[in-house]
Amino acid sequence: MIHSPEPPRLPPRSLHDLGFAGIEGELRAAGVSAHHAKALWRALYHDGELGLTIRADFLPPLKRWLASSVGEGKAFFLDTPEVADESHSDDGLTHKFLLRLSDGHSIETVLMGYDGRHTACVSTQVGCAMGCVFCATGQMGFVRHLRPGEIIAQVLHVRRVMRATQPDKRLRNLVLMGMGEPLHNYDAVMQALDTLSSVRGLNIGPSKISISTVGVIPGILRMAAEARPYRLAVSLHGATEAERAALVPLSSKWNLTELIAACRQYGALTGRRIFFEWTLIAGHNDSLETATRLAELLRGIDAHINLIPLNPTSGFAGTPSAAGHAFQRVLRAAGFPCTFRQRRGIDVAAGCGQLQASAQGRSTPPSSSAGHGDRSSGVLKLA
Ligand code: SAH
Ligand code: SF4
C-alpha cells in the first residue's frame with residue numbers, strides 16, 4: 001500500500017506575534033471573514049487578562065476557527081509565561097516577576113507603582129549582547145531575542161496582576177528597560193509596541209512608551225525614518241570617547257561622536273525630545289568636569305537628562321548623593337532639564353541592571369498569588 005506523504009507541518013506560532021493585520025490575514029486564509037478580527041483582538045488585548053477568553057457572543061465562524069486552530073497541537077498557541085518567582089520591595093511599590101518562557105529561559109518584568117503612576121518595565125531579550133560593565137544583564141551575555149508575543153505577554157501579565165490587586169488603577173506607562181537592548185531586536189519590539197499601543201487593545205499611549213537604547217545607531221535612525229511615535233531614551237554614561245568606552249563596549253562599534261551626531265539627526269528629523277540616561281558611577285563618570293563636558297556635548301539638542309543612581313553590581317560603587325546633586329546642578333545651570341531617577345526596588349534587586357536571570361533553571365515552584373503556572377488555565381476558556 002502506498003502512503004501519500006504528509007504535508008510538512010509548520011511549527012505552531014503565537015497568536016500574540018501576529019498583530020491585527022496578521023490576524024485578519026490568518027482568518028481570511030482560513031475562509032473566515034476578516035471582520036471577526038476585531039472581536040478576537042478585543043478579547044485578546046482589551047478584555048483578556050492573559051490568554052484568551054472565548055466569549056459567548058463570538059459568532060460561530062470565529063468560534064469554529066478558534067476551536068480548530070488555537071491550542072495544544074494546533075497551528076497557534078498563546079504566550080502565557082509561568083511565574084517562576086516574584087517579590088515585592090519593602091515599600092510595596094515595586095513588584096518583580098521572574099517569568100519562565102516556554103523554552104525554559106527566564107526573563108524579568110517589573111511593575112512599579114509610585115507617584116500614582118503605574119509603569120511596566122519589560123525585557124526585550126534573554127540576556128544582552130552589549131556587555132556594559134556595570135550591568136548585571138550585560139554580564140550574563142546574550143541568550144536570545146524575545147518574540148513580539150513574549151514582550152506583549154509581560155505587559156498582559158502585569159495588567160492582570162493590577163486588575164486583581166488594584167482594579168481602580170490603569171496601566172498607562174511602559175518602559176523597555178528590563179533585560180536586553182531593544183534596538184538590537186528592532187522588528188520584534190516594534191511589532192509588540194504596535195499591538196500594545198493599539199487603541200482597541202491595551203491602549204498604552206505611544207507617548208507613554210519609552211524605548212531605552214545603549215546607542216544602536218541604525219535603530220535610532222530607523223525610528224526617525226519610520227516616524228515611530230515613542231519616546232527615545234539614550235543611555236550615554238560617558239562624555240568623552242575614553243570615558244564611555246570604559247563602560248560601554250558598544251562604543252568600539254559606534255563611538256560617542258557618531259552617536260551624538262545620530263541623536264542630532266533624530267532630533268532634526270522628528271522634532272522630538274531625547275531623554276539621556278546617565279548612570280552615576282563613583283570615580284568613572286561623576287566629576288564636575290564630566291558634567292560640564294556633557295552639557296557641551298548636548299548643546300543644541302532638545303534633551304532631558306535622567307541621572308540614575310547606580311544599583312549595586314559587582315565592582316562598581318554609586319556616586320554619593322551630594323556629588324550627584326552637584327553634577328545635576330551643572331547640567332541645570334547649562335539649561336537642561338535634569339532629574340534623578342528614584343532608587344526604588346533595590347531590596348528586591350529590581351533596580352536597573354540587576355535584572356539578571358540568576359535564578360535561571362531554579363526549581364522554585366510557581367507561586368500562587370499572581371502565578372498562572374498551569375499553562376492550560378490561560379489558554380482557552382470555552383464560554
Ligand atoms: N539596553 C538598554 C535598556 C535596558 S538597560 C539600555 O542600556 O539603555 C536600562 C537602563 O538601566 C539603562 O539606562 C542602563 O544604563 C541602566 N543600568 C544598567 N545597569 C545599571 C545599574 N547597575 N545601575 C543603574 N542603572 C543601570
Ligand atoms: Fe545591555 Fe542595557 Fe545592560 Fe548595556 S545596560 S548590557 S545595553 S541591558
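Predicted model: local features only at pLDDT ≥ 70, side-chain atom pairs only at ≥ 80, totals over all residues.
## Burial of strand S5

Strand S5 (residues 94-100) is largely enclosed by the rest of the structure, because seven of its seven residues are buried. Both faces of the strand are covered. One side carries Thr94, Lys96, Leu98 and Arg100, and the other carries His95, Phe97 and Leu99, all of them buried.

## The nonpolar core

The largest nonpolar core of the protein has 95 residues. Those with the most contacts inside this core are Ala120, Val155, Leu174, Leu196, Ile220, Leu232 and Phe276. Helix H5 (residues 148-165) gives the most to the core, with eight residues. Residues come from both domain 1 (13-77) and domain 2 (82-369), so the core lies between the two domains. In soluble globular proteins, nonpolar side chains tend to be buried together.

Leaving aside residues up to four places away in sequence, Val155 touches Ala120, Val122, Leu174, Leu196 and Leu202.

Helix H2 (residues 36-47) has 12 residues and reaches 15 Å from its first C-alpha to its last, close to the 16 Å expected at 1.5 Å a residue. His36, Ala37, Leu40, Trp41, Leu44 and Tyr45 are buried in H2. These residues cover an arc of only 135 degrees around the axis, and therefore lie on the same side of H2.

Helix H11 (residues 321-333) has 13 residues; the reach from its first C-alpha to its last is 18 Å, close to the 18 Å expected at 1.5 Å a residue. H11 is followed by Gly335, whose phi is positive, near 100 degrees.

## Overall composition

The protein has 11 helices and 16 strands. Of its 383 residues, 44% are buried. Among contacts between residues at least 6 apart in sequence, 70% join residues at least 24 apart.

Note on methods
Residues numbered from 1 in each chain as written. Chains lettered and ligands numbered in written order. Helix = DSSP H or I, 4+ residues; strand = E, 2+ residues; numbered from the N terminus. Expected span 1.5 Å × (residues − 1). Buried ≥ 20, exposed ≤ 12 C-beta atoms within 10 Å, placed from the backbone. Arc of directions from axis to C-beta. Contact = placed C-beta atoms within 7 Å. Core = buried A, V, L, I, M, F, W, Y, C linked by C-beta atoms within 7 Å. Domains from an automatic or database assignment.
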